[in-house]
Amino acid sequence: MADDGLSALRISLGEQLAALRDVAPAELPPALLHVAVQRFVVGAAGDEVYLVRPADWDQLRHEEGGAGRPTPYWARPWPSGLALAGALSAAPPATGARVLELGCGLGAPSLVAARAGADVLATDGVPDAVAFAAHNLALNEVDAQVAVVDWAAHGEALVARGPFDVLLAADVLYTRGNVETALRLWPRLLAADGVLHLADPQRAGTRDFLAAARGTFSLVSERRDDGVALHVLRPASRAWPGGG
Ligand SMILES: C[S@@+](CC[C@H](N)C(=O)[O-])C[C@H]1O[C@@H](n2cnc3c(N)ncnc32)[C@H](O)[C@@H]1O
């Protein structure tokens, strides 16, 4: 991307991030706006996604930590998100399918699903993440909705917008609280004929989730060479809380 394009992106991001944090742009941590655009090839067919992201994640983590803010897990493209984007590139959701991504971070899976023609809502609990995800959708000239939603705190707002045909979640089951909320909430978000795509670097939380969800979902799993597991879960019963 030409320098002037990157500058425009930085200005637009700066304005949104400052508004979301309710601070002046000059008060944002410098590493948040020191951004880079990176090209990723996802899936065997060579689908390309361009992601704008803070260029130096360690520096951003350092600055956020110094200001007493949480680790910015959203701010880097994790292997699970890229693997899920690749899986969706190979087997995209149907045109018009209602897709919800939980903990979208930079938003690669949402981007690929929306590019295929799905009706996508990309969500994350961190407002900074959602600003970057929105810019990534725009950068790739793809239409989708974004929203700041912590699904542990505001799950009912998502239930009210559902049920969804497809749920996407990449590397989000790394806290006990998230696992417990996911077990309660996710079945209520998914249509009876829907599908949940879960990508994960084989964390204990995901093992616990899958063990507890057995009986509620049918499960097909694939373990990749890079350590990411892709799980496809479908409602096991017609009496499904999400309806459909
Ligand atoms: C390890 S990062 C993964 C980001 C992205 N899915 C990927 O794979 O690149 C975890 C993401 O989940 C988000 N997250 C964690 N718990 C959440 C919750 N309860 N509600 C919404 N987002 C959450 C974080 O803000 C972060 O963006």
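The model is a predicted one, so local features need pLDDT of at least 70 and side-chain atom pairs count only at pLDDT 80 or more, while totals for chains, interfaces and linings use all residues. Residues are numbered from 1 along each chain as its sequence is written, and side-chain values use heavy atoms, with hydrogens and water left out.

The chain splits into domain 1 (3-74) and domain 2 (78-235), with bounds from an automatic or database domain assignment. Their centres, taken over C-alpha atoms, sit 21 Å apart. Domain 1 puts 26 residues into the contact and domain 2 puts in 22 (heavy atoms within 4.5 Å). Between them the domains bury about 2200 Å², 70% of it on carbon and sulfur atoms; buried area here is the accessible area (1.4 Å probe) that two parts lose on being put together, summed over both. On the domain 1 side, Leu51, Tyr73 and Trp74 lose the most area to domain 2, together 30% of what that side buries.

Arg69 and Asp128 form a salt bridge, with 3.8 Å between the closest N and O atoms.

Several elements of domain 1 face domain 2: α1 (3-21), β1 (35-42), β2 (47-54) and α3 (57-66) each supply at least two residues of the touching side (DSSP runs, helices being H or I of at least four residues and strands E of at least two, numbered from the N terminus). The largest share, eight residues, comes from β2.

Conventions: Salt bridge = Lys/Arg side-chain N within 4 Å of Asp/Glu carboxyl O.
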